[in-house]
Amino acid sequence: MTALTDGARIAVVGGGPGGLYAAALLKRLDPDRRITVWERNAPDDTFGFGVVLSDETLGGIEHADPVVHAALSEEFVRWDDIDIVHRGRTLTSGGHGFAAIGRRRLLAVLHERCRSLGVELRFGTPAPPAAALAVDHDLVVAADGVHSATRRAHAEVFRPRLTTHRCRYIWLAADFAFDAFRFEITETAHGVAQLHGYPYAKDASTVVVEMREEVWRRAGLDRLGESDSARACAELFADALGGRPLRGNRSQWTAFTTVVNERWSHGRVVLLGDAAHTAHFSIGSGTKLAVEDALALAACLREHSDLPAALAAYEEERRPVVASTQRAARASLEWFENLDTYLGQPPRQFAFNLLTRSRRVTHDNLRLRDAEFVDAVERELGVPPGTPPMFTPFRLRGLTLRNRVVVSPMDMYSAVDGTPGDFHLIHLGARALGGAGLVMTEMVCVSAPGRITPGCAGLYAPEHEDAWRRIVTAARAASPGVAVGVQLGHSGRKGSTRRQWEGIDQPLPEGNWPVVAASPLPYRAGVNQVPHALDRQGMTEIREQFAAAARRAVRCGFDLLELHCAHGYLLSGFLSPLTNRRTDGYGGDLAHRLRYPLEVFDAVRAVWPAERPMTVRVSATDWADGGTTAEDAVEIARAFAAHGADAIDVSTGQVVPEEQPEFGRSFQTPYADRVRNSVDIPVIAVGAISSWDDVNSIVLAGRADLCALARPHLYDPHWTLHAAVEQGYAGAGAPWPVQYRQGSRRPPTGRTDAPKPRLSL
């Protein structure tokens with residue numbers, strides 16, 4: 001039993017690769033189906049030139065339709081190398097494995113397959129509205145592209161979000177074949193431009209030229225038509241093209257739009273390909289995603305007994321894959337948007353950074369593809385042979401960290417009246433034994449009213465100082481060479497709440513204390529109490545509490561001090577325009593919102609020993625309209641650097657409850673990258689960094705100098721030592737405690753290999 005009855009009528013709106021392939025698959029699975037494809041253009045009318053498909057996608061095509069796979073295989077141009085050209089130097093990385101075909105040839109193959117199966121193709125014929133088609137069709141597949149009329153007509157159901165980005169680009173072609181995928185960067189009087197080029201036939205290549213909108217306008221390209229734009233781009237990249245011309249094909253400058261839909265189906269109508277989602281061309285994903293959508297849709301219609309269940313299964317299967325691809329595409333897109341910030345990197349590091357920009361290609365993955373290339377990058381940056389980048393030392397003022405791993409601050413909510421106890425001793429001691437270069441305390445509060453919960457640790461009483469000194473001394477004795485840092489903060493409007501496991505951000509059932517903030521705005525209206533807006537006297541009092549806590553931290557023996565200016569706590573509340581509505585000298589523009597956090601920083605820095613480093617944690621975006629932006633984060637970092645900060649710990653969000661973070665692997669790293677490559681200051685990356693491969697990639701690419709990991713260290717206190725073992729590293733960057741050295745090899749497991757055959761007859 002399938003979701004569609006025998007002989008079902010199916011309408012496909014849009015004759016691009018995704019729509020055509022869906023029609024062919026659906027017809028092949030049931031020859032009695034009556035399938036019609038509507039395409040407003042003629043058969044040979046198409047934009048662009050070449051299409052890149054991955055081996056994974058080709059494998060899916062081969063399994064589902066060997067005829068199409070065989071036809072495509074005869075046409076594909078294949079290559080392995082990527083050339084990166086920057087400032088006159090070409091660096092090549094191999095082992096990447098691409099396959100491309102001309103878009104017109106791809107469409108011709110699919111046209112032929114559809115006709116051979118009995119699919120009706122209506123060219124030059126705009127489709128009726130999807131709602132009208134749904135009246136007398138069992139299924140309507142809306143594959144009508146990024147500007148989908150179907151999506152627009154039913155926007156209240158699909159609830160699309162369209163984001164237009166900062167670069168302009170144009171698709172062109174050259175009448176010769178590049179011998180590799182080519183990225184070339186040129187620096188002009190107007191700004192930076194880049195070329196993305198790849199062969200799609202024996203005598204032709206796709207050429208995409210891209211640049212920031214302001215560069216495009218300054219260069220006067222906004223005033224040129226297709227032919228003049230092609231000539232101008234050929235002049236920009238004359239060396240790459242060997243003086244050859246470029247040509248267009250209905251080519252125009254455009255800005256990329258990311259499409260996201262909350263729903264992909266509505267009754268009998270389902271979105272497919274660019275109508276449902278888009279991903280930036282720099283990771284070559286548009287046609288790939290559309291073809292994979294078609295494969296999944298056909299399978300789900302076959303596997304489920306009713307249409308709603310089939311369409312729900314299709315969306316459930318594809319949505320996480322698409323979301324992951326869109327995150328990678330967004331990272332790649334933003335890397336190119338901010339290309340000018342990386343131009344000063346050493347040549348090989350620049351190339352490594354470009355290749356790993358989407359976070360899908362990593363240090364370890366690239367080593368498998370091209371070990372010589374990765375070795376050359378590491379040599380250029382002074383990484384000793386046989387040493388993973390994460391195990392190189394790093395110096396902040398008078399402190400040298402043995403590796404690049406930081407145990408991130410994690411609130412444990414287990415102190416008694418601010419005093420850390422045996423739990424903290426065991427918790428932090430275990431992480432110190434685990435090999436990280438720097439172990440950070442949780443946010444240590446500077447006063448009792450400055451606590452988040454009754455279980456938060458403090459450094460505002462003599463007994464707190466004694467307890468922390470005991471912990472620091474024990475950690476250092478158990479793990480010589482480890483550095484221990486303290487994070488000082490004040491909860492602000494997010495104080496007087498329950499412990500995390502009792503109800504995060506919920507007020508106490510009894511015993512609440514008054515809270516203060518930059519402005520009288522509760523964290524959650526009607527839930528959390530309205531804070532008292534600090535006056536000058538209150539600001540001075542809290543500033544001195546920070547300084548007093550810092551003096552105690554000196555006596556405790558902490559190696560590093562971090563000022564918490566993130567996550568909506570007091571100092572963060574001054575920085576964000578969403579939480580600071582003051583009309584005095586401490587509100588308004590960013591310079592004034594920075595005043596109080598900088599005053600506190602100066603007061604702490606004045607009592608913190610000159611040889612010991614001091615860092616600042618910031619929220620680089622509020623993930624909410626009108627809040628702190630990445631550009632603001634750069635200026636915030638620049639201000640703290642000017643006041644003597646030694647590094648910026650770049651986190652995001654947790655400032656307002658209505659935030660909409662874009663979660664994913666290493667999702668905050670692009671903000672750390674932005675700060676590091678815009679401001680002359682080291683940075684700490686944090687946020688869903690979970691593998692040693694991610695740490696190596698981030699450090700070697702120059703996105704951050706240190707990586708802070710939280711949950712991985714809860715899962716495995718010895719995460720760093722185990723990372724060393726898994727990479728075959730046993731050097732000074734990951735010393736095993738003498739008591740644990742017998743466990744410094746991976747435990748053996750049962751045999752899984754079968755006896756190998758010895759004779760062939």
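This is a predicted model: local features need pLDDT of at least 70, side-chain atom pairs count only at pLDDT 80 or more; totals for chains, interfaces and linings use all residues.
Biologist: Why are α3 and α4 called roughly antiparallel to each other?

Modeller: The two helices pack at an angle of about 155 degrees, with their axes 10 Å apart; an angle over 145 degrees counts as roughly antiparallel, and α3 and α4 are therefore roughly antiparallel to each other. The crossing in which α3 passes α4 is right-handed.

Biologist: Which residues of α3 and α4 meet?

Modeller: Val-67, Val-68, Ala-71, Leu-72 and Glu-75 in α3 are in contact with Arg-105, Leu-106, Val-109, Leu-110 and Arg-113 in α4.

Biologist: Which residues of α3 are buried, and what puts them on the same side of the helix?

Modeller: In α3, which spans residues 66-75, the buried residues are Val-68, His-69 and Leu-72. Around the axis they cover an arc of only 95 degrees, which puts them on the same side of α3. What they pack against is α1 (17-29), α2 (55-64), β7 (98-102) and α4 (103-117).

Biologist: What makes β8 and β15 the edge strands of the open sheet?

Modeller: The six strands of this sheet follow the order β8-β2-β1-β9-β16-β15, with mixed pairing, and β8 (120-123) and β15 (265-266) are its edges because each pairs on one side only, where pairing requires at least two bridges.

Biologist: How do you know that β1 and β2 pair?

Modeller: Five bridges join β1 (residues 9-13) to β2 (residues 34-39), the two running parallel, and at least two bridges are required for pairing. Within this pair, Val-13 stands opposite Trp-38 in β2.

Methods. Residues are numbered from 1 along each chain as its sequence is written. Side-chain values use heavy atoms; hydrogens and water are left out. Buried means under 20% relative accessible area, exposed over 50%, partly exposed in between (1.4 Å probe, protein chains only). Helices (H or I, at least four residues) and strands (E, at least two) are DSSP runs, numbered from the N terminus. The arc is that of the directions from the helix axis to the C-beta atoms. Contact means heavy atoms within 4.5 Å. Axes are lines fitted to C-alpha atoms, for helices over the stretch in contact, and angles run from 0 to 180 degrees between N-to-C directions. Angles under 35 degrees count as roughly parallel, over 145 as roughly antiparallel, 65 to 115 as roughly perpendicular and the rest as oblique. A crossing is left-handed if the near helix is turned anticlockwise from the far one by less than a right angle, and right-handed if clockwise.
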